[in-house]
Amino acid sequence: PDASKVGTLELETPALPSEACKEATVPLQECPNASEREKTPLSGSIYVAKQDENPFASLLALYFVVDDPRTGVIVKLPAEVQADPVTGRLTTVLKDTAQFPFSELRTHFFAGDTAALKAPASCGSFALTSVLTPWSAPQSGPPATPSASFEVAQAPGGCAGQGFAPSFTAGTASSRAGAFSSFGVTFSRQDGEQTVGGVSITMPPGLLGILKGITLCGEPQAAQGTCPSGSLIGEATAAVGAGRSPYWVHGGQVYLTGPYNGGPFGLSIVVPTTAGPYTLTGNAGVGKEVVRASIRVNPVTAQIVVVSDPLPSILQGIPLDIRTVHVDITRGGFIFNPTSCDTMAVAGMLSSTQGVSTNVSSRFQAAGCAGLAFKPSFTVSTQAKTSKKAGASLDVKVASGPGQANIRSVAVTLPKALPSRLSTIQQACPDSVFNANPASCPIGSDIGVATAVTPVLASPVAGPAYLVSHGGAAFPDLVIVLQGEGVTLDLDGSINIKKQVTSSAFNSVPDAPISTFELKLPEGPHSGLAAILPAKAKGNLCGTRLEMPTTITGQNGVIIKQNTKIQVTGCGKAKKKPKAKKRTQKGHGRRKK
């Protein structure tokens, strides 16, 4: 078909009569000499052969066809085209060509948007080499190796060098605070710029996904591109190829996987490798290439960071020239917006295959935070029995319903009767030890345990509460380490002690939904709290009035201030005094006047 034509050819030969001899109908030996006969070359076309269905069963092949209407000569020569799998350099091989004399063969490959070849992306001189073997070999000696070169004086990115300034956009389809929405990210580069080699994306705080109910794709299915439909969360589209009209690849699928490359979760992005009549073999077999990415969670902000493996740049010797990548997370009830309406950004870093990196960002801001309810419950209790040896306990419980703004900060002041235990504070873990491995902290710095239930994860997160000292700070911080399903979160609360009164503030609580949270600071040899009671109380808090001034701030800016009553447990029920019976006297009545 004419659509398979990629070029033309001309062949000058002394073996056929010139136009003058043909018209004179005289014997060839009586016609003008060979140089005269070659002035009218034979013409033909170059066609691209169908993948695999060619004499070489190869990916690439050409047909050189002489179909000269003047002489009626038809010559067909198949040629295998070999593409270097690393560099993409092309070698065209013709074997057993016709024993047909010619003085010059000229080939011309079409230019334009439908051209089969693209020019080098940089300026300079580029060489072409050849090996020509005659039919008389090997008796005639070694093959001839003529070479040539051509100059590129104008490149798409300019001769000064390829730049790298990709565009980047990202965001949710709906901006309503706390609402579920699809999420899309797109990055592109111009033709002539350096090729994108990798990408990392950092979500704004509070832009999270509900993992509960999703089947995580395991290994080796994630690597093989055979994940189950239950782990499908989105789709991917890519534009590849040089020129003004790159080829768009649709039908990519995005799956959520288990742990990958240092993250508790990952992505398996399965992209088709079929373009028109060609199907390339990718890392997952014929017709598909799998791009993996790691999903990591910032332990302080709970922000999601997605880090891709190197993007493919060449398949079977065909440079992909990735121009645009668009990933859209479309699974319903998965991605949801923050409950903070602060101005934020989806940040990213794109790297090129030549080692250049550039930071990118796309503005992000949720809307309608003022319309979110904020009514968390906050209750505190302590055990009645205390001692100088075991100290005092504290149990803090927080609960919040669905659809509410998340908590931004909590600040409390403990009653004077429950001060910090200085002997325990002196055992605080140095921050260098904690940062290296909290499990290496002194046993005395572990003063409690916390548990949180979140709709984001299928299971609760739980972990110890450490006292951690920071350099020259007067008092250590209370750091709660929550772990579950591979996720680790560090809640850092400051401690201040003034006139034996302890106050604590968690000023940067992640914007994440928490159904329930409980912090238990038990009694024991390393209790965080002591008790100050009069001697007559005999170490028993029953009957003591305990209140904790509390300030809770929502991610939507709503502030709740209350005096939280600390319930004393283990006191038993107070005995009720019997009611006094009314006494009546017989014979007494009202006298009539």
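Reply:
**A covered strand and its surroundings**

Let's go with strand β10 (residues 183-188), which is mostly covered: six of its six residues are buried. Buried here means under 20% relative accessible area, exposed means over 50%, and partly exposed is in between (1.4 Å probe, protein chains only). Strands are DSSP runs of E with at least two residues, helices are runs of H or I with at least four, and both are numbered from the N terminus. Keep in mind that this is a predicted model, where local features need pLDDT of at least 70, side-chain atom pairs count only at pLDDT 80 or more, and totals for chains, interfaces and linings use all residues. Residues are numbered from 1 along each chain as its sequence is written, and side-chain values use heavy atoms, with hydrogens and water left out.

Which residues of β10 point which way? Phe183, Val185 and Phe187 go one way, Gly184, Thr186 and Ser188 go the other, and all are buried. β10 also has strand partners, and two strands count as paired if DSSP finds at least two bridges between them. One partner is β9 (residues 167-172), antiparallel to β10 over six bridges, with Phe168 opposite Phe187. Another is β24 (residues 322-329), which also runs antiparallel to β10 and is joined to it by six bridges; there, Val185 faces Val327.

Elsewhere, six strands form an open sheet in the order β5-β4-β3-β2-β1-β6, with antiparallel pairing. Its edges are β5 (90-93) and β6 (104-109), each pairing on one side only. From one strand to the next the twist averages 25 degrees, taking axes as lines fitted to C-alpha atoms (for helices, over the stretch in contact) and angles from 0 to 180 degrees between N-to-C directions. Within that sheet, β1 (residues 5-12) and β6 are antiparallel over six bridges, and Gly7 sits opposite Phe109.

Most residues other than glycine have a negative phi, and most peptide bonds are trans. Asp52, in the loop between β2 (42-48) and β3 (60-67), has a positive phi near 70 degrees and is partly exposed at 45% relative accessible area. Ala302 belongs to the loop between β20 (288-297) and β21 (304-308); its phi is also positive, about 65 degrees, but Ala302 is buried at 7%. There are cis peptide bonds too: Ala137 to Pro138, with omega about 5 degrees, in the case of a proline from the loop between β7 (124-129) and β8 (147-152), and Glu219 to Pro220, again with omega about 5 degrees.

Zooming out, the chain has five helices and 39 strands, and 41% of its 593 residues are buried. The C-alpha trace spans about 170 × 65 × 40 Å along its principal axes.

How far should you trust it? Mean pLDDT (the predictor's confidence in each residue, from 0 to 100) is 91, with 92% of residues at 70 or more. Where pLDDT is low, the predicted coordinates should not be read in detail.
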